Amino acid sequence: AIGRCEKLGVMLTGHPDVYSLVDEFTVAGADWKCLHGEQSVQMADGTSRAAGMLATGDIVLAFDQNTKQLVPAKAIARENGDQPIYTVQTKCGRSIRCTAEHPFLTRKGWVAASRMAPGDYVRVALDWQPADDPSLADQSRFLGLMIADGNFTSGHCRYAKTDPVIIDWVRGYIEARGGKLVPDSRNKEGQWRINRHDRHRFPELLPLFGHGARTKTIPESVLRGGPTAWRMFLSGYFDGDGSVRDRSKGPYDCVLWDSISRTLLDQCQQLLAYLGVRSSVWAGEKVVSGKPYSYYRLNVRDQEAVRRVADVLIPLTKKGDKFAEFRRLGNGDADREWDKVVAVTLGEPHRTVALRVPGLDTHVTGGLVTHNSGRLDFDAIEQMRAYGWLLMQDYPQVQTVRWSVIRIRDRTADT
């Protein structure tokens, strides 16, 4: 609010409490803007959490409007009852559920969800560089390979792969920790398993047990591990479920991952964004054995994004042979920091949670930069300027302005 005042030419001088009074106005004079209780909010440790699971003091990922950088910040959370929910959907597959007045950072500035329209561009949270742990590199690659081709539903740890390069790497990783990778007892080509008695040597695999193909997610050890862990996991997952298409097979160079777990690909999209790579997730359908089969695809297609992902991934297989060529691609993705809105819909009331991030007043929601306060804050300051209150010099005047603005807000709440 103070920064907004200064941009509008409002002079905040005089009484030492003037800044706290303006801050008090922003909190008390306008509602915190809210999220659907199940909407994901990005945390500073690399994980995501449903808004309804947040508690005051949690460290979320915020956006510094001065430096244009992602930064960690403490959040204040509170229940805010059932409210009508708007869903903002983007071209790259993101979907954010929030209340009408929840603002998004767009090319036009901060715009409330209810005022968004198809064709607007919203800011993506890119280039997050938290503390890194290089010691997690091999473990994260191993988990990427296991997420792609492992089976953990029956209590066993089975792995299906025929590529000798991958099998040799996996065997080396397992044997270095005292385990054994042996042919599966079903004697099918390319079917392997880790000895049941060796499972205790691989605690990193525990989060994978009990999950089928549709419920696979990235383990928290990877999400919390920092850029090296992210790169190695994506590289391992690419060696398993990824592919490359160059211009000889279509109009674009692209790097792809396919899965039937939407959550998994949404998480991969977020990690790519943190690493500076623009990508999209979309749903598809194909026919397998005469039956329709639904799946999801994570697609890196824009020229600069393809160049960036070639720098990020370190695959073991020949799938990466094209990457040397991709690294020579030029820049030119002007929309890297923006995602296009394709739909804004109003739904039924649902439980909502209000967040506030003191000092920064922003947080990353579903991969997009959003604000924790709404239109009325900004409209009130505009009213201050329009009514000629350009100088607030002392305590009584600030109080007068503050309460007058609140009265103006009440009178114009519907306009």
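Both Phe238 and Phe323 are buried in this predicted model, where buried means under 20% relative accessible area, exposed over 50% and partly exposed in between, for a 1.4 Å probe and protein chains only. The structure holds 11 aromatic pairs, a pair being counted when the ring centres of Phe, Tyr or Trp (its six-membered ring) lie within 6.5 Å, with planes under 30 degrees apart taken as stacked, over 60 as edge-to-face and the rest as tilted. The rings of Phe238 and Phe323 have centres 5.6 Å apart and planes at 35°, so this pair is tilted. The pair links distant parts of the chain, 85 residues apart, with Phe238 in helix H6 (residues 227-241) and Phe323 in helix H9 (residues 323-326); helices (H or I, at least four residues) are DSSP runs numbered from the N terminus.

Lys319 lies over the face of Phe238, at 5.9 Å from the ring centre, the criterion being NZ of Lys or CZ of Arg within 6 Å of the centre and within 35 degrees of the ring normal. The charged end of Arg107 sits over the ring of Tyr121, 4.3 Å from its centre.

Ring pairs also join Phe142, Trp169, Tyr173 and Phe202 into a cluster. Phe142 is among the buried residues of H3, a helix largely enclosed by the rest of the structure because 11 of its 13 residues are buried.

Residues are numbered from 1 along each chain as its sequence is written. Local features need pLDDT of at least 70 and side-chain atom pairs count only at pLDDT 80 or more, while totals for chains, interfaces and linings use all residues, and side-chain values use heavy atoms, with hydrogens and water left out.

Notes
Helix = DSSP H or I, 4+ residues; strand = E, 2+ residues; numbered from the N terminus.
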